[in-house]
Amino acid sequence: MRASEGKRPGRPAAAPARIEKFRAMNLSRLSYSFAFIGLLYWLDLPLLLPAALIHAAFSVLWIVLLETEIVVEDRAWWSGYAPATADVVYVSMWVYLSGGAASFLMVGYFVSIALSSMTERRNYGLWTAAMSAACFSAIGVLIHLDWIPAINIFMEPVRPTLLALIVTLGLSCFSFFLVNRIVSSLFLQLHQEIAARTSAEERLLRDLQLARKVQESIIPTHDRLPASQQLSFGSFYLALESVGGDLYDVLEIDEHRFAFLIADVSGHGVPAALLTMMAKAIFARAVAAHPTDPAAVMRAVNRDMYSFIGDLRYYLTACYCLLDVSTGELKYCSAGHHPALVDRPGEIGDRPGSSQRLIELDSASTFFIGVEPDFPYESGVFQLEPGDRLLLFTDGMIEGRNQAGELYGQERFEQQIIQNRGVDASAVVRSLIADLESYLSDTEPEDDRAILCIDYRR
């Protein structure tokens, strides 16, 4: 998005993706750790309590290290092995405590370990599988050798035989390796799909950034508008997406004549932006061919645009004005667009009982551009006086809705213009944008916005 004299308030940045990726797993690890400590106290089994406390301390420390980004994968290659090792030890304590009978209770936890430990750089899950088989078998060997007591909180503890240990070791190695291979292949396939999509999105983003720069170059900011002793300008442009379908421009025809244009293409995004760039070029060519007649300009633009978009269900609205600054004569033509407004202090809205409405420069014959190839547009004439203010705008300036669904509306728009008499064109534009943003509050915009304000003095 780009605004010529304003910017939408920023939003707080989201947490980095590499933190979000492991947050659920880290919180689960912490929850399981303290639950296990509570179970050991309840069962009065102090033998495993030191290891459980160490695991809980590690869980807390690991959350802090990751949340503060002190330890991340691209900075510490071992960052995936540490939690995998701690979790395998934790699961092994459960296996020892239950005699293997309650190991099914840890399946969900163990699967989450396998999934979260996979990364595009290293297969930490393979380390987890190998260490799990070794730890589970080691527990059986230690019990078999009577080096540690057999514990089973569900039934009578059993001292495993040598054959059982061999079978358990083989089955656990095979099972963990098989699970890891399945998960690894699924993860690799998913990662490849994500990488391809990410690459495509990055290319699209680069293309959009280029399109935005091109569009910014054709929509002049306030400081790039022509300089004139008789005119001062204020302007604003904000696209709903990266690029938009609104357009304004100021053309210096000769020493005394200036042309003002505003246009709005149907739709949003890239198609609308392409049509605005096309419309700008076509308008420039039409102005050069018909420097004194706005209606002739509009007819020429309509024929050319129809040849491009007549069968595409796109159209655009536009308002084109031609001002002779030496005389104040303003010729104008509207093509289905909101009429340009003239604010004349002292005559409009200042008298007691006045309607507080501005002068609308509406065309007698008006219709969308690009729909009918030979529409008979007509020019209107208005005499500007020194001190008059001319405003051209798109519907995004008046058709926004607040959270209650209430329309901002043209009446409020005009009253805001009237309340800002006495300030320059640039200041009144800033006030209009600020009032609109305040009215909409946190509601997302529904359309592009553009406004061009011209103060005339002779």
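**How two helices cross**

Helix 7 passes helix 8 in a right-handed crossing. Keep in mind that this is a predicted model.

- Helix 7 covers residues 269–289 and helix 8 covers residues 294–309.
- Their axes sit 9 Å apart, and the two helices pack at an angle of about 140°.
- That angle is between 115 and 145 degrees, so helix 7 and helix 8 count as oblique to each other.

**A nonpolar patch on the surface**
- Look for V141, L142, L145 and W147, which form a nonpolar patch with about 390 Å² of accessible area together.
- One of these, V141, belongs to helix 5, which spans residues 124–144.
- V141 has 36% relative accessibility, so it counts as partly exposed, a label for values between 20% and 50%.

**D146 and its phi**
- D146 sits in the loop between helix 5 and helix 6 (162–218).
- Its phi is near 60°, a positive value, and D146 isn't a glycine.
- Most residues other than glycine have a negative phi.
- D146 is also exposed, because its relative accessible area is 55% and the cut-off is over 50%.

- You'll find D395 in the loop between strand 9 (389–393) and helix 9 (410–419).
- D395 has 17% relative accessibility, so it counts as buried, the cut-off being under 20%.
- D395 and D448 are 53 residues apart along the chain, yet their C-alpha atoms are separated by 8.2 Å.

Notes. Residues numbered from 1 in each chain as written. Predicted model: local features only at pLDDT ≥ 70, side-chain atom pairs only at ≥ 80, totals over all residues. Heavy atoms only, no water. Patch = residues over 30% accessible without salt bridge, like charges linked within 9 Å, V, L, I, M, F, W, Y side chains within 5 Å. Areas by Shrake-Rupley, 256 points an atom, 1.4 Å probe, with all protein chains shown as cover. Salt bridge = Lys/Arg side-chain N within 4 Å of Asp/Glu carboxyl O. Helix = DSSP H or I, 4+ residues; strand = E, 2+ residues; numbered from the N terminus. Buried < 20%, exposed > 50% of the residue type's maximum accessible area, 1.4 Å probe, protein only. Axes fitted to C-alpha atoms, helices over the stretch in contact; angles between N-to-C directions. Parallel < 35°, antiparallel > 145°, perpendicular 65-115°, else oblique. Left-handed = near helix turned anticlockwise from the far one by under 90°.
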